[in-house]
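Please look over the sequence and the model shown here.

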Amino acid sequence: MSSEAIAARTPSVQTKLPAVGTTIFTVMSALATETGAVNLGQGFPDFECDPKLVQAVTDAMTRGLNQYPPMTGVPALREAIAGKVEALYGRRYDPGAEITVTAGATQAIITAILAVVRPGDEVIVLEPCYDSYVPNIELAGGTVVRVPLVPGTFRPDFDRIAAALTPRTRAILVNSPHNPSATVWTREEMLRLQDLLAPTDVLLISDEVYEHMVFDGQPHQSAARFPGLAARAFIVSSFGKTYHVTGWKVGYVLAPPSLSAEFRKVHQFNVFTVNTPVQHGLAAYMARPEPYLELPAFYQHKRDLFREGLQSTRFRMLPSEGSYFQCVDISAVSDLREDEFCLWLTREIGVAAIPLSAFYGDGFDQRVVRFCFAKRDETLKEALARLARL
């Protein structure tokens with residue numbers, strides 16, 4: 001039979017992620033573009049980063065720093081990270097054995113999960129949670145154990161967390177400042193988590209990508225501050241969030257030597273290394289701590305501007321303690337479900353938001369949607385003018 005006569009056929013594949021489709025973030029951003037809506041849905045800035053950071057990366061490129069860096073990250077950047085973490089949280093991480101530069105925080109989280117979770121292991125997630133957590137656990141063959149944060153306040157329910165712990169529990173994922181609710185764990189809550197995990201071998205994956213966005217003079221309670229947590233934790237952070245360069249996809253993981261060793265075994269085969277000139281540029285830029293030390297005030301201004309404008313609407317605002325998100329209760333505005341309301345708001349009012357139900361496995365609807373205020377003041381004012389019609 002000639003090759004021309006053979007019918008082309010793509011073999012069927014049994015999906016590893018049958019419940020996964022296009023993310024709500026992609027859907028809402030596409031709809032915002034299609035309708036000309038102000039996009040307060042997906043969490044990324046609409047303003048540029050500091051030109052000095054771009055120049056630092058450009059300088060690295062022109063100096064010829066364009067080949068593979070060490071697998072664990074450029075030494076100067078790991079040294080800078082160690083210095084920052086020690087200054088802020090009082091714990092010194094060894095740049096050689098305990099810090100790994102990653103291709104963003106999402107890659108860091110899946111790498112940590114793949115490194116330690118085996119088929120049959122249970123991993124606790126606190127819902128509502130970022131949408132990558134559950135697929136990551138499923139790809140590792142783990143069993144997802146969903147524990148809800150307290151509806152309305154989104155604070156941890158330690159009785160329910162304790163009840164979810166079993167001999168099969170391998171890890172728990174914690175996110176503070178929290179996406180999507182904008183709550184921030186307190187020192188007392190972190191101490192309770194430390195006490196709860198102390199008699200167990202449960203690992204902690206602490207998603208701290210919004211660590212520099214904590215408001216009203218409160219400190220960020222990193223797991224690095226607590227010896228009993230730091231000893232069992234993969235702590236994840238993001239330069240993209242901190243320096244307004246989400247498209248650069250560079251982050252890092254802090255972990256004790258034995259955990260870092262397992263993390264790096266996976267890291268070297270799913271990414272291996274991360275953009276060299278960007279790493280050198282970040283290392284040079286971190287010589288000045290002001291950009292991250294001043295970030296809380298920068299975003300608190302935007303939060304306050306946005307909240308002041310929302311007072312003229314019928315939305316009921318929830319607290320925004322950290323991150324760059326503001327959640328609102330829509331009960332007085334509409335009888336629609338959260339997802340239907342977000343579609344309507346985008347098409348009819350011209351402002352895109354994200355339903356909190358998208359962050360729950362069962363689509364739990366509590367009449368709350370999320371706005372992102374990481375936008376230029378002009379963008380926020382335009383969105384507020386449109387929302388004032390409600």
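Leaving aside its neighbours within four places in sequence, which residues is Phe234 in contact with? This is a predicted model, in which local features need pLDDT of at least 70 and side-chain atom pairs count only at pLDDT 80 or more, while totals for chains, interfaces and linings use all residues. Residues are numbered from 1 along each chain as its sequence is written, and side-chain values use heavy atoms, with hydrogens and water left out.

With contact meaning heavy atoms within 4.5 Å, Phe234 touches Ala112, Val116, Leu203, Leu204, Ile205, Ser206, Val253, Leu254, Ala255, Leu259 and Phe263. A nonpolar core is a set of buried Ala, Val, Leu, Ile, Met, Phe, Trp, Tyr and Cys residues joined through side-chain atoms within 4.5 Å; buried means under 20% relative accessible area, exposed over 50%, and partly exposed in between, with a 1.4 Å probe and protein chains only. The largest such core has 64 residues, and Phe234, Phe315, Phe371 and Leu387 touch the most other members. Helix α4 (residues 105-116) gives the largest share of this core, seven residues. Another core, of 56 residues, lies apart from it and includes Tyr89 and Val174.

Helices (H or I, at least four residues) and strands (E, at least two) are DSSP runs, numbered from the N terminus. The loop between β5 (169-175) and α7 (187-197) holds Pro177, and the peptide bond from Ser176 to Pro177 is cis, with omega near -10 degrees. Pro180 is placed in the loop between β5 and α7; a cis bond, with omega about 25 degrees, joins Asn179 to Pro180.
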